[in-house]
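Here is a short note to read beside the structure. Please keep the model open and follow the points in order.

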Amino acid sequence: MKQLRPLLAFMALVWAVPLAAAQEAPDLLLRWAEEPRAAYPVGEAELDDFEFIARPIVVFADGATDPQFQRQMGFLAERIDELAVRDVIVLIDTDPDARSPIRRSLRPRGFAVILIGKDGRIAQRKPAPFTGRELIHAIDKLPLRQQEIRDANRPLDGAGAQALPLR
């Protein structure tokens, strides 16, 4: 059963991938807000659509049967809850011929995993699968994530908090 766990996790993550190849970015963001634990095809979305909203992890492959792609999707499925807490949207592009805007922007060669920060900058780029642990560690080192952690730990009504005067 342990050997089947990555495959089952992969299937659970990908089952929610819509069959429609093209989609508008606002529609994609709405669907991601409803189900942040799914993977979505890049479609016609652009990286600017996610700026300061989500951290895209873009997985490129020359086909859905690529062993590296399947391994990466398994790694993501194993840690999808932790990734969702970090505002990660998993985007997949397994059709190099479609020439999606994100593929044209990032120009991958074969398999690639690219982590984009909320500020729109490429944080990590790798031609091999990332484990979920590696991705979470990379995300937690990003400046905006560090700020989110500090803000979450800051007391709202305690020492160090200053109230702004109302006018």
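1. Start inside. The largest nonpolar core has 20 residues, and I57, V59, M73, L76, L83 and V90 touch the most other members. A nonpolar core is a set of buried Ala, Val, Leu, Ile, Met, Phe, Trp, Tyr and Cys residues joined through side-chain atoms within 4.5 Å. Buried means under 20% relative accessible area, with a 1.4 Å probe and protein chains only.

2. Next, the elements behind this core. Two or more residues each come from β2 (55-60), α3 (67-78), α4 (80-85), β3 (88-93), β4 (112-116) and α6 (132-140). The largest share, four residues, is from α6. Helices (H or I, at least four residues) and strands (E, at least two) are DSSP runs, numbered from the N terminus.

3. A second core is separate and has 19 residues, including F50, F60, I89 and L106.

4. Now pick out V90. Leaving aside residues up to four places away in sequence, V90 touches A38, A39, Y40, I57, M73, L76 and I80. Contact means heavy atoms within 4.5 Å.

5. Step back to the whole protein. There are seven helices and five strands. Their pattern along the sequence is α-α-β-β-α-α-β-α-β-β-α-α. Of the 167 residues, 42% are buried. Among contacts between residues at least 6 apart in sequence, 67% join residues at least 24 apart.

6. Finally, the basis. This is a predicted model, in which local features need pLDDT of at least 70, side-chain atom pairs count only at pLDDT 80 or more, and totals for chains, interfaces and linings use all residues. Residues are numbered from 1 along each chain as its sequence is written, and side-chain values use heavy atoms, leaving out hydrogens and water.

How values were computed
Buried < 20%, exposed > 50% of the residue type's maximum accessible area, 1.4 Å probe, protein only.
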